[in-house]
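Please keep the sequence and the coordinates at hand while reading.

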Amino acid sequence: MSKLLLKIEGLRAQIDNKEIIKGVDLEVHAGEIHIIMGPNGAGKSTLAYTLMGHPNYKVLGGHAFLEGENLLEMKVDERAKKGLFLSFQYPEVIPGVTVENFLRTAKNAVDSRKQSIVAFNKLLKEKMATLGIDESYAKRYLNQGFSGGEKKKNEILQMKVLNPKVAILDETDSGLDVDAIRVVAEGVNQFTNKDNAMIIITHYKKLLDYIKPDYVHILKDGQITQTGGIGLAATIDEEGFAGVNTN
Amino acid sequence: MERKRTVIEDVDRGVYDIKNADIAAYKSEAGLTEAIIRDISREKNEPEWMTDFRLRSLEIFNSKPVPTWGADLSELNMDDIVTYVRPKSDMKASWDDVPEDIKNTFDRLGIPKAERESLAGVGAQYDSEVVYHSIQDNLLKQGVIYTDMETAVREHEDIVKAYFMKLVRPQDHKFAALHGAVWSGGSFVYVPEGVEVKFPLQSYFRLNAPGAGQFEHTLIIVEKGASLHFIEGCSAPKYDVVNLHAGCVELNVKEGAKLRYSTIENWSRNMYNLNTKRSIVDKDGTMEWVSGSFGSRVSMLYPMSILRGERARCEFTGITFAGQGQYLDTGSKVIHAAPYTTSNINSKSISKDGGHAFYRGLMRVTSGAHHCKSTVSCESLMLDNLSVSDTLPIIELANDDIDIGHEAKIGRISDEAIFYLMSRGISEVEAKAMIVRGFVEPITKELPLEYAVELNQLINLEFEGSIG
């Protein structure tokens, strides 16, 4: 089996004094694409935010390791530097900070080396082109005035530039039209290789028309209740979450 | 034009002599006296009208109360005002006495040693004689007068007499009166009709009178159809053992003329900065202010534009940064005193580590000033729960045939934004600095490049200093 990248054991987490994640176990190996589906309020985003280290989400128990290192003890930026990435469902607007400046700062931080501005701009241009993002976006303020689709593409752009080991996509497909979903999916497909892995949190099966996952997990009431192949997603699409085994 | 070349030995001896005289003659005097004022005037070899002006200002100063409507000035000892005006020799500044944080800041900003000592007020002015000369020659050819205030009083007496403290009068408030009595140093610029000064003039390049950093007077006249960009001050911290600053800036923009006045004031944290700045704009004239207020313990600073000619316009872009122990009371004032005048105010403030940023603005439209347009926007960013931000935009309208847009926003730095940036590998300190730099970006991009760089470096320093 290929290299174990992310290992989650008995993870429990709360927000606002309410336990949302109630013991999640998951192993993600290099080269894998995992889909996590589940009804609203099941804890999908909470799982993503807890792994990334959002200060409002408190870990109650369990472990998470990225390439054997204890993620839960790291600061948010350290997790990113270790190779974890989260694509946000609602990315923040940062006025006055250009996409280019932000991404160059981030790239230098995750790579722990200072790349020349020229070399970085070349890389950025290339990655923007693959996503069909106009060059002028490099000079725009981060997410300011971006449409929903532009924000999501921008998240995928960041993923491609920063080149993480494990990328979590939190409902990146939600609110997008079919064309935008296809662009996002293409971005994902171009990104995945035998050395990295991806966890895609989604509500809809639509994305699965373009992405071929290795595993589909059902997250319900803070636990993974079922794991299967792409067929599981099909069941959900036809019968809803009530149709799957809930223990 | 004759210009006296200032050499360092002269400056040093001058300072020494004055201090000796001071101690010998005025040791027992508590307040500011006529004798002190006469002495200041005599040292400067001033014409009689200026001596008289100083003395009248002194009377006004003595008759006015300390204003109580804004910052707390109770720790300014007005009975002992003479120590602010005439430092005793035991207060003589030396590089060793300059606080560490300021030395470090100089260091981090990469300012050369000679210049540091000058900025810190412990050495003679940084000698940029060569640069100064070339600018001077170029300007002379166009008939532009650019000199220090003392020289202007002697050599361009008529112009100075016609404008000096006509816009900011000693009667206006106690510190304007103090300024009138004890002013020293500063810049004088006269741009003749139709002359466009192509490059920004920086007071940085001018050799000042010794010890002139506290009560300096800036007088600028831009004649009909002429234009000028004047840059004053420096964003590196100015350290002074004497902690009262009461400068005065008077800007006269004539018909169809254009003046941009950019300044970043960054005083050491013991300073009371009570500066008065005003401009008057004639028909079709344009006044642009770019203003940064950093440092100081207390600042009260409200640059005012009086739009007295039809279609005169002004723009104000300002940033205030209040850190620990600082109370910065700043804002912009505009008087629309003629029809079809336009103003555009864009003010931002940041408060951090318990700092208090107070925006106090005034927009007044007189009865005859119909068809005026005004946009006022003030935004405040508080970086923690200790810090305070207030907004007091006063609008006074004497007619209703006007178009006004007003927007005020007070916010805190968002945890979500910090989390977002950190999730991309950016450290917490850098994330915060990045958000703040983004917040001030609309102002930074108005600044001359080297000032923009310094402003950003200052912001970075603020964060590194506090978080480690």
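The model is predicted, and side-chain atom pairs are counted only at pLDDT 80 or more. The secondary structure of chain B comes to 13 helices and 21 strands, and of its 468 residues 59% are buried. Among the contacts in chain B that join residues at least 6 apart in sequence, 84% are between residues at least 24 apart.

One element of chain B that is mostly covered is helix 10, residues 174-182, in which nine of nine residues are buried. The buried residues of helix 10 include B:K174 and B:H179, together with B:F175, B:L178 and B:V182.

### The contact between the chains

The size of an interface is often given as the accessible area lost when the parts come together. Here the area buried between chain A and chain B is about 2,000 Å², of which 67% comes from carbon and sulfur atoms. Chain A brings 34 residues to the contact and chain B brings 19 residues.

Between the two chains the count is one salt bridge, in which the side chains of A:E155 and B:R424 meet at 2.6 Å, N to O. Eight residue pairs are in polar contact between chain A and chain B, with both residues at pLDDT 80 or more. On chain A, the elements that each supply at least two residues of the side touching chain B include helix 1 (44-52), helix 2 (76-82), helix 3 (99-111) and helix 5 (148-162), as well as strand 6 (84-87) and strand 7 (94-98). The largest share of that side, six residues, comes from helix 3 of chain A. By class, the side of chain A that touches chain B has 20 nonpolar, ten polar and four charged residues.

### Two residues of chain B

B:E216 is found in the loop between strand 3 (201-202) and strand 4 (217-222) of chain B. With a relative accessible area of 14%, B:E216 falls under the 20% limit and therefore counts as buried. The side chain of B:E216 is joined to that of B:H245 by a polar contact of 3.0 Å. Leaving aside neighbours within four places in sequence, the residues in contact with B:E216 include B:S184, B:G185 and B:G186, and also B:H245, B:G247 and B:C248. Also among these contacts of B:E216 is B:H179, one of the buried residues of helix 10.

B:N104 is found in helix 5, residues 100-109, of chain B, and at 42% relative accessibility it counts as partly exposed. From B:N104 to B:M382 the separation is 278 residues in sequence and 25 Å in space, C-alpha to C-alpha.

### Salt bridges within the chains

Over all chains the count comes to 39 salt bridges.

| Salt bridge | Closest N to O | Relative accessible area |
|---|---|---|
| B:E310 and B:R311 | 3.6 Å | B:E310 33%, B:R311 37% |

Salt bridges that share partners join B:K258, B:R260, B:E288 and B:E446 into one network.

A:R104 and A:E100 both lie in helix 3 of chain A, four residues apart, which is about one turn of the helix. An α-helix has 3.6 residues a turn, so residues three or four places apart point the same way.

Note on methods:
Residues are numbered from 1 along each chain as its sequence is written. Chains are lettered from A and ligands numbered from 1 in the order in which they are written. This is a predicted model: local features need pLDDT of at least 70, side-chain atom pairs count only at pLDDT 80 or more; totals for chains, interfaces and linings use all residues. Side-chain values use heavy atoms; hydrogens and water are left out. Buried means under 20% relative accessible area, exposed over 50%, partly exposed in between (1.4 Å probe, protein chains only). Contact means heavy atoms within 4.5 Å. Buried area is the accessible area (1.4 Å probe) that two parts lose on being put together, summed over both. A salt bridge is a side-chain nitrogen of Lys or Arg within 4 Å of a carboxyl oxygen of Asp or Glu. A polar contact is a pair of N or O atoms within 3.5 Å; within protein, one must be able to donate a hydrogen and the other to accept it, and residues adjacent in sequence count only if both atoms are side-chain atoms. Ala, Val, Leu, Ile, Met, Phe, Trp, Tyr, Cys and Pro count as nonpolar, Asp, Glu, Lys and Arg as charged, and the others, Gly among them, as polar.
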